Amino acid sequence: MSWQSLLADSLTSAAEISRRFPAADSGVIEEVSRQYPMRINPYYWGLIKDIADPLWRQAVPSSLELKDMVCEADPLAEEKLSPAVNLVHKYPDRVLFLVSSQCAMYCRFCTRKRKVGTAAMVIDDATIALGLDYIRRTPAIRDVLISGGDPLLLSDERLEWILAGVRAIPHVDIIRIGTRVPCVLPMRVSHRLCVMLKRYHPLYINTHFNHPAELTTEAASACGRLADAGIPLGCQTVLLRGVNDNSEVIKALLRGLLRIRVRPYYLFQGDMTRGTDHFRTRIDTGLTIMKSLIGHISGMAIPHFAVDAPGGGGKIPLLPDYVISRGEKLVFNNYCGEICSYPDGY
Ligand SMILES: *Cc1c(COP(=O)(O)O)cnc(C)c1O
Ligand code: SF4
């Protein structure tokens, strides 16, 4: 079955969900998905075991999405930081270029929940042309992050048209694609796609896995095909309450990612996006998890833990506190909690 027909077979109605899981509240699912779209493709649906499954929580609408009175529609001020529609320029040398409004699954915790998969996200030839134009006349831009939505939901031809447009700009050093497809619809990563992507090096892909149960043989093959095309793979995981907010789950995920040739890149504190408050954890949860990782597992497996500052301040890395005192000597705890020191007084 082609990825397009798999996608066309996605669950979009509450009735289909309660047919398999009678305990699901189809009234709630119906109501929530009117505001925030639902799409669960047959591949991801097949991985869900029951209604307490961490994969269920990521995919199926919850009544809590409509009860969030704390968070904001656009907490990272992306719209304010867009010099062209769907192009966010926040940091000096890189931009975020949104080229697709569609995803292979609509994650309930999505940071761009305000628009992804809805009519509010308008992307067409004209918005792409305006984005390319801005990059072309802004020589400080060296790194273009192609995201969305999910860029791999575009046809190979359309994605190539965009990649070629970016690659033709001399001051752009690297192109990155942000995509959840290797996790949620790995069969989209065809040999033909990889042959095309290979023409636009240096190209990096950051994918997005949140739970070890997502590391299937299909996902491993998709990542293998991309890696074989010479594309370095990173992973941007979001810390989610009830999904992956403990050390054992994160450790299993990170080790599993290295086995499928994906290098963990970021572990994100949840953004304050309206409709996602119930997923947010305490900062301390993330720091405790980081402490359980650093020194205990391969450094290759360890992501940066970061919080994206509300208001558009950017990503700030957070580390557990190791330092006890500074002066002539730096006194600190090592990863096992033993006290060590380093003479710093020269
Ligand atoms: C996350 C992000 C980037 C990339 O940040 P890195 O730390 O370089 O991965 C760029 N632009 C925007 C708007 C972002 O949100
Ligand atoms: S794949 Fe990414 S952009 Fe799409 S719904 Fe999930 S988190 Fe949002």
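Predicted model: local features only at pLDDT ≥ 70, side-chain atom pairs only at ≥ 80, totals over all residues.
Residues are numbered from 1 along each chain as its sequence is written, chains are lettered from A and ligands numbered from 1 in the order in which they are written, and side-chain values use heavy atoms, with hydrogens and water left out.

The C-alpha trace spans about 65 × 55 × 40 Å along its principal axes. The secondary structure consists of 12 helices and 12 strands (DSSP runs numbered from the N terminus: H or I of at least four residues for helices, E of at least two for strands).

The space taken by ligand 1 is the largest pocket. A pocket is defined on a 1 Å grid over the protein atoms alone, as an open set of points where a 1.4 Å probe fits, with protein on both sides within 12 Å along at least five of seven lines; a molecule sits in it if more than half of its atoms lie within 2 Å of its grid points. Elements that give two or more residues to the shell around ligand 1 are β1 (87-91), β2 (94-100) and β7 (263-268). Of these, β1 gives the most, with 3 residues. Residues surrounding ligand 1 (a heavy atom within 4 Å) include Val88, Leu96, Leu145, Tyr266 and Lys315.

Oxygen atoms of ligand 1 lie 2.7 Å from a side-chain N or O atom of Arg94, 2.8 Å from one of Arg176 and 2.6 Å from a polar side-chain atom of Tyr265. The protein covers 90% of the 390 Å² of accessible area that ligand 1 has on its own (Shrake-Rupley method, 1.4 Å probe).

Most residues other than glycine have a negative phi, and most peptide bonds are trans. A cis peptide bond joins Gly148 and Gly149, with omega about 15°; Gly149 lies in the loop between β3 (143-148) and α7 (156-167). Another cis peptide bond, between His201 and Pro202, has omega about -5°, and Pro202 is in the loop between α9 (191-197) and β5 (203-207). Ala77 has a positive phi, near 55°, and is located in the loop between α5 (54-59) and β1.

Methods
Polar contact = N/O pair within 3.5 Å; in protein donor to acceptor, adjacent residues only side chain to side chain. 1 Å grid on protein atoms, 1.4 Å probe; cavity = no way out; pocket = protein on both sides within 12 Å on 5 of 7 lines; lining within 4 Å.
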